[in-house]
Amino acid sequence: MRFLHSGVIVAISMALVVTGSPLLTPVQQDLAVTSSALVNNPSSSSLGGSSYASVNAKSYKKKSKKKPAEPPTPSDGDNDKGEEPSHTGGVEAPSYPFPTEDPSSTHGILPVSSPYYLPDFGAPDFTPKEEIPRGDIERGTVPFNIQSYPDIWATPSGDHEEVRAAVAAIDWSHVPNAPIRIAQGTGDLYMKDYDAGKDEHCWWSATGCFKPKVTYLPEDTHICSEPGDWGLTFDDGPLNPRKVVIDQSPDGIDEYAEPYLYNFLADQNQRATLFYVGSNVATYPEAAKRAFDAGHHLCLHTWSHVAMTTLTNEEVVAELYWNLRAIKEATGATSRCWRPPFGDVDDRVRAIAHQMGLATVLWSRDSQDWQMPSMSNEGQLGREIIDGYFQQWIDERYAGNETHGHIGLQHELNEETIGMAEKWVPRLKEAFNVKPIHECTPAGKPYWEMGSGEFYSHEDKDNEENDEEEENYDEEENYDEEGNDAYIYKN
């Protein structure tokens with residue numbers, strides 16, 4: 001599939017292959033992932049992964065670890081003021097039933113528990129593993145009924161019984177009536193008639209806006225709160241074996257397909273936030289389970305990686321629903337976070353995601369790694385350009401002028417993006433406190449099954465906090481229903 005972005009043809013082939021699986025047709029195996037491009041045209045935006053401002057369950061017991069001294073850190077631009085998220089509102093929640101009594105501490109229209117309309121796939125296992133799982137992944141070890149899902153890499157219909165239940169659960173009086181945007185034949189979004197100065201619906205693709213115009217929606221998560229923190233994120237996974245690579249390989253394998261990245265992160269003793277495409281989860285649920293068991297936080301990146309503001313309300317719900325369902329079927333956990341493909345979000349889409357229990361997550365540091373040429377991508381940026389971005393961010397950190405931390409944007413996409421992770425994650429760790437985003441932002445806990453309240457990391461907390469949690473750990477029951485050691489969370 002080819003998309004013209006700002007006069008440059010970009011072709012990315014992320015064809016999916018499930019070895020030995022009869023469930024994917026040859027057409028499905030050859031489907032490609034839509035890529036993204038910079039927001040660089042005032043009248044029409046390329047569907048880009050770039051920051052608009054720059055191209056460039058209760059907390060578990062933890063050991064104390066001294067946090068390195070943190071110089072203060074610079075703003076990312078006019079939109080990046082380091083302001084606390086707005087918590088205005090007070091609209092009462094809709095009265096439809098919920099399976100738990102765990103109240104949300106954020107906004108009135110946010111569901112107070114895991115969405116009740118999702119199927120029950122069994123409880124997730126949050127028990128800490130003695131060792132981070134490594135090595136090959138065996139196919140067929142995770143029960144997953146792909147036949148119950150819509151076609152992969154296609155926008156699912158809103159007229160499905162399960163999707164209709166999700167649609168019915170939304171209070172549509174609290175979904176702004178923003179227009180459905182138009183995707184042009186070039187792959188760009190039509191913006192000629194949009195009043196960017198007024199920015200009525202906080203359309204990120206047009207203005208880089210991350211603070212909604214309606215008071216009942218929270219600010220998008222886009223930075224880490226403390227200077228020196230780095231939220232490590234990877235989009236577009238889990239990386240399935242790519243047909244184009246397998247066809248070119250003398251061994252008939254794609255060595256960079258998962259668990260390649262996950263094994264590297266395990267060797268680094270590093271966890272990350274992974275924004276998963278539902279279609280990739282459906283064709284490789286074992287990879288999603290591996291990442292979950294390794295302690296990575298799994299969030300949504302929609303079912304088919306589409307510009308969400310171009311969809312109807314029902315289609316927005318369907319994209320999020322099937323993505324949410326696929327992660328839950330593979331892991332048992334219900335995610336509370338999502339990242340819009342290309343960053344394309346406005347208050348209409350935010351409000352729908354919000355009522356489905358999902359916090360919108362953007363970024364402040366975009367690596368542009370997806371733009372490198374690879375075996376499955378005709379990119380335009382050389383490695384030296386991407387290297388320059390990472391080195392610049394590290395230099396800025398050491399300069400000591402920053403006022404907050406950052407959320408990075410990298411991709412679980414091909415051998416080049418993963419190679420960049422291998423090169424720069426160790427260097428980022430030397431300069432920053434690298435962690436999943438839920439451990440450096442007010443985003444709460446990553447899964448509904450963990451309850452509400454702040455999520456505490458086992459890293460980077462001072463001795464006083466550790467001592468307090470030692471007491472809580474001793475006083476509270478620390479076993480799950482089956483008698484196994486379990487995470488202990490603190491509301």
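Is Cys209 buried or exposed? With a relative accessible area of 9%, Cys209 is buried, where buried means under 20% relative accessible area, exposed over 50% and partly exposed in between, computed with a 1.4 Å probe on protein chains only. The model is a predicted one, in which local features need pLDDT of at least 70 and side-chain atom pairs count only at pLDDT 80 or more, while totals for chains, interfaces and linings use all residues. Residues are numbered from 1 along each chain as its sequence is written, and side-chain values use heavy atoms, with hydrogens and water left out.

Cys209 is joined by a disulfide to Cys202, at 2.0 Å from S to S; the term covers a pair of cysteine sulfur atoms within 2.5 Å. Cys202 is buried too, its relative accessible area being 0%. The torsion about the S-S bond of Cys202 and Cys209 is about -100°, so this disulfide is left-handed.

In total the structure holds three disulfides. Another joins Cys224 to Cys440, with 2.1 Å between the sulfur atoms. This pair links distant parts of the chain, 216 residues apart: Cys224 sits in the loop between α3 (204-207) and β5 (229-231), and Cys440 in the loop between β13 (433-435) and α12 (463-475). Helices here are DSSP runs of H or I with at least four residues, strands are runs of E with at least two, and both are numbered from the N terminus. Both Cys224 and Cys440 are buried.

The remaining disulfide is that of Cys299 and Cys337, with an S to S distance of 2.0 Å. It links distant parts of the chain, 38 residues apart, with Cys299 in strand β8 (residues 297-300) and Cys337 in strand β9 (residues 337-338). The torsion about its S-S bond is -75°, and the link of Cys299 and Cys337 is left-handed. Cys299 and Cys337 are both buried. Counting bonded cysteines along the chain, the disulfides follow the pattern 1-2, 3-6, 4-5.

Now to the helix. Which residues of α2 (residues 161-168) are buried? They are Val163, Ala166 and Val167. Seen down the axis of α2, these buried residues fall within an arc of 100°, so they line one face of the helix; the arc is that of the directions from the helix axis to the C-beta atoms. An α-helix has 3.6 residues a turn, so residues three or four places apart point the same way. What covers the buried residues of α2 includes α8 (313-331). On the face turned away from the buried side, α2 carries the exposed residues Glu161 and Ala168.

Note on methods. Contact = heavy atoms within 4.5 Å.
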